Amino acid sequence: MTKQRLVVVGNGMAPGRMLEHLFESNPDAYDVTIFNAEPRVNYNRLMLSPVLSGEKTYEDIITHDEDWYATNRVTLHKSARISEIDRTAKTVTSESGITAAYDKLVIATGSNPFIIPLPGKDLDGVLTYRDLDDVDKMLVAAENGGRAVVIGGGLLGLEAAAGLKMQGMDVTVLHLMPTLMERQLDPAAGYLLEAEFKRRGIDVRTKANSHEILDDGTGKVAGIKLDDGSVIDASIIVMAVGIRPSGDLAKIAGLDVNRGILVGDDMRTSDPDVFALGECVEHGGMCYGLVAPLYEMAKVIADNLLEGTAEYKGSVTATKLKVTGVDLYSAGDFAEADDREEIVLRDASSGVYKRLVLKDNKIIGAVLYGETSDGPWFFDMLKKGTDIAEMRETLIFGQAYQGGAPLDPTAAVAALPDDAEICGCNGICKGTIVNAITSKGLTGLDGVRAHTKASASCGTCTGLVEQLLASTLGDAYNPAAVQPMCGCTELGHGDVRRLIKAKELKTIPEVMQQLEWTTSQGCAKCRPALNYYLVSDWPDEYADDYQSRFINERVHANIQKDGTYSVVPRMWGGMTSSKELRAIADVVDKFDIPAVKCTGGQRIDMLGIKKEDLPAVWADLGKAGFVSGQAYAKGLRTVKTCVGTDWCRFGTQDSTGLGIKLEKFMWGSWTPAKLKLAVSGCPRNCAEATCKDIGIICVDSGYEIHFAGAAGLDIKGTEVLGTVRTEEDALVYVVALSQMYREQGYYLERIYKWAKRIGLDEIRRQIMDDAEKRNAYFDRFVFSQKFAQVDPWSERVSGKDKHEFNPLATLPQEAAE
Amino acid sequence: MNVIAMQDWAAVGSITDIPRQGARCVKMGEMTVAIFRTADDHVHALEDKCPHRSGPLSQGIVHDGCVTCPLHNWVISLETGEAQGADEGRVRQFPVKLEGDTVLLGLR
Ligand code: SRM
Ligand SMILES: Cc1cc2nc3c(=O)[nH]c(=O)nc-3n(C[C@H](O)[C@H](O)[C@H](O)COP(=O)(O)OP(=O)(O)OC[C@H]3O[C@@H](n4cnc5c(N)ncnc54)[C@H](O)[C@@H]3O)c2cc1C
Ligand code: SF4
Ligand code: FES
């Protein structure tokens, strides 16, 4: 029997999923040919925003690579847009002239971004946001900087805005309605979201009606004019105002098309041999723009292609916004009406807002902002129509509070019923995941993704899946198994840190013994890391292992390429005096120091000093009051400041003074990687605080604390931790944050990487909201400083480690010959 | 036992002057020799000059019979003077031995 021919028009997410189901059930039923207008294989469109923001690459988001097509013997025509369907001859033909015959046809053309018919809409620089080419165009534009105007404050517009901002552009969002994402959020949550975007420096304008896109005279975008007459200069305009199901091809072929291509419950169009799938479909009066319903359709078609009888009955959808650091979840219907009640929880200090809309004791709508872990639980009850009368009082506090004592997150997930949905995109229930873990012997996230698809689409349920792994496998689940610390052990940094505490390991040999190191003495990678973990965890008991430190931290100077050293004394907050400068000048002359330089950290570097001279150099500097600047340390480096209220006409607070206080408080502390601070006296930010590990921007009302910036190998603006009123608070919060990082960071992991791993909200919760935690961190920092805050230079001037600085012996020249 | 080649030995100090898993230098005119002491009290002597770009090996971290150069992390065997892994190069070695606590450096 000859195989049937299946032709698919469009190679998006929905048909990709359909083919997986089809091949799983019967790999030999069809010869498959796919036509795709895009010049590439199938990728995860949901992940375009992380590619735009730089958090992922195109390679990371490919769903089916070339191998997949080869293995499944699928013919993929790339860059081949179908322009004609001949239903009598049963063929399709592409613009480029390729014709293919079908027995069954699936139309999966997705949708087209809607373009507002404004004057100037065709100018160079007017973009949409739909596929990888759009992302590439935005990235090219971002390289030239300038301002991007995003029209549309919905899911796509906001993701685009956040991504462009992360790429360094100035961004304005124009939104026609009074609040953002009004289709998914109620006004209260919309305002919170708007405030968060503004806090990130994104200019948001609601009730903004665009009038005309302006030409720079060469056919390129120069800006946009609004109905109120105002003009915003811009180098690109991104239109993200909605999508239109793409049904023209089907319409020309004579199929029934309304807003989308009309299908019945069996997903057939008005021609029984032609199916339609995905965003181009209209079913039961609905067109969908999220993947979960499309995946359900995909399953139904796969079954019907194999003579099955599956039916699609429509879907309820839930939305999450994928902007790093913004937690937002919405589902169902939340409009106000007489027959409805609502439960609202607000926590202003932590920016949490939760609202449930009830009707007849059932949840019909949910909006969560700031804290969304209960989203799937509410959504589950919403879909099932669960009667909530019994738990009404505590419902809003979430699942963890039901049944008395709060559960920890893993226990809460363990307590979910088997049919609770974990992955909304793919409709995967808890039972399916647990079953796959046990029956397939899965041990990690990758395995679960491969076997169930859970967490493989938008990724927001990853935490839940990890908790399921933990609750199913117990101690056997080892999430850090991914990346061992070095060749001497199987354990990752996280495990090692945890075990050092749990087993109270207090020396390097003890760690290596107890944790079964495979080398006798470790290596140059793990020894400095272990040394740091032990210093940080047992500040009073552990004796620093000198031989496990990199040379710079051993001799307290920076080794240079010719084996000489450089010396950088502290200049607190960048302030100095004639006396200090004179002492430096004298030292430079006395020791014949070849180079003196102002560093990027607001202080002075003396370069090219012979190792033997170091103690004498330090002795002279010490007499003038200098201590080591620790320019070599995985520890506190510099605290940059600006002149602040002392001198500047814009200064709002004493930024110099606060910087000096911070540096004097924190110097000497060891941290996982270097730690650099800055304090700026006003938002003009002359101390560049918004690219530091921790930065403070002084404002009239107090101190805005920032963290997790980067300006070295990576460039990244800071995140806001929160705002405090007094200088004392600023110091306490910064110190507490540093201690949290000291206790949790992996060796050489800068604060921005640590924050990404831990989650910004978790850090904000512990430092801003939880006074007890904050104070405990602060106290532990202060305790550890008792042992750390010793000037290493004066120690060595008084004789410590003398052997480091002198040769063991000097033999006469002839001996060498 | 017959000693074939004539060897001059110079006492350069006591092993207790060198930290375990560390090194100290002996200057001989223009040249510097690094004397390493391992965790189990063996001594090795290498010219203090990395085959890569002349980094001072004496300043590196000593581990498992090797030293990692402080400048760009080449790993050099203390036994053979040879660069490990993918890197290629060899450091000049010197005979060295202990008599009691005294470190004797072999000179030709
Ligand atoms: C001296 C100085 C350059 C200058 O002449 O201005 C400098 C010099 C070195 N930097 Fe730097 N950095 C200096 C400011 C910076 C800055 C600017 C700042 O602090 O505001 C940055 C970007 C911000 C940052 O920290 O990310 C910077 C990012 C780096 C990086 C990239 C770190 C990263 O995680 O991305 C390295 C490499 C590393 O640490 O692995 C590095 C490493 C180095 C080393 C230690 C390279 C090395 O391993 O030998 C250089 C030592 C030279 C020496 O012996 O003195 N240096 N370095 C600056 C000393 C500041 C001070 O007063 O302490
Ligand atoms: C930036 C972004 C973020 C998103 N985030 C989420 C999210 O978090 N959660 C969520 O659920 N959904 C999200 N979505 C929506 C989701 O991506 C879509 O619902 C889904 O991709 C639609 O799948 P589809 O297969 O119907 O169409 P598509 O994936 O759009 O695929 C259609 C394909 O068909 C091709 N095509 C069109 N016409 C022709 C033709 N005539 N001939 C040949 N090929 C043709 C197109 O080039 C395209 O490659 C997001 C979308 C975008 C753009
Ligand atoms: S940028 Fe930093 S690491 Fe690079 S050469 Fe200059 S001082 Fe050295
Ligand atoms: S000089 Fe030793 S590794 Fe480069």
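Reader: What does an angle between two helix axes refer to?

Author: Axes are lines fitted to C-alpha atoms, and the angle is taken between N-to-C directions. Keep in mind that this model is predicted.

Reader: How are two packed helices described?

Author: Two values do it: the angle between their axes and the distance between the axes. Here, take α23 (residues 751-758) and α24 (residues 760-769) of chain A. Their axes are 6 Å apart, at an angle of about 95°. Angles of 65 to 115 degrees count as roughly perpendicular, so α23(A) is roughly perpendicular to α24(A).

Reader: Which residues make the contact?

Author: From α23(A) come A:W754, A:A755 and A:I758. From α24(A) come A:L760, A:E762 and A:I763. By class, that contact has five nonpolar residues, one charged residue and no polar ones.

Reader: Now the ligands. Which residues come nearest to ligand 1?

Author: Look for A:Q560, A:T599, A:G600, A:K674 and A:K676. They belong to a set of 18 residues around ligand 1. By class, this shell has eight polar, seven charged and three nonpolar residues.

Reader: Which domains supply the shell around ligand 1?

Author: Domain 4 (552-633) and domain 5 (636-788) of chain A each give at least three residues.

Reader: Which side chains have a polar atom by an oxygen atom of ligand 1?

Author: For A:K676, the distance from an N or O atom of the side chain to a ligand oxygen is 2.6 Å. For A:K597 it is 2.9 Å. For A:S566 it is 3.0 Å.

Reader: How many residues surround ligand 2?

Author: There are 31. The closest are A:E38, A:R130, A:E279, A:V291 and A:K322.

Reader: What atoms pair up there?

Author: Start with the backbone. An N or O atom of the A:A37 backbone lies 3.0 Å from a nitrogen atom of ligand 2. Then take side chains. A polar atom of A:R45 lies 2.8 Å from a ligand 2 oxygen. For A:E279, a side-chain N or O atom is 2.5 Å from an oxygen atom of ligand 2.

How values were computed
Residues numbered from 1 in each chain as written. Chains lettered and ligands numbered in written order. Predicted model: local features only at pLDDT ≥ 70, side-chain atom pairs only at ≥ 80, totals over all residues. Heavy atoms only, no water. Axes fitted to C-alpha atoms, helices over the stretch in contact; angles between N-to-C directions. Helix = DSSP H or I, 4+ residues; strand = E, 2+ residues; numbered from the N terminus. Parallel < 35°, antiparallel > 145°, perpendicular 65-115°, else oblique. Contact = heavy atoms within 4.5 Å. Nonpolar A, V, L, I, M, F, W, Y, C, P; charged D, E, K, R; others polar. Near = heavy atom within 4 Å. Polar contact = N/O pair within 3.5 Å; in protein donor to acceptor, adjacent residues only side chain to side chain. Domains from an automatic or database assignment.
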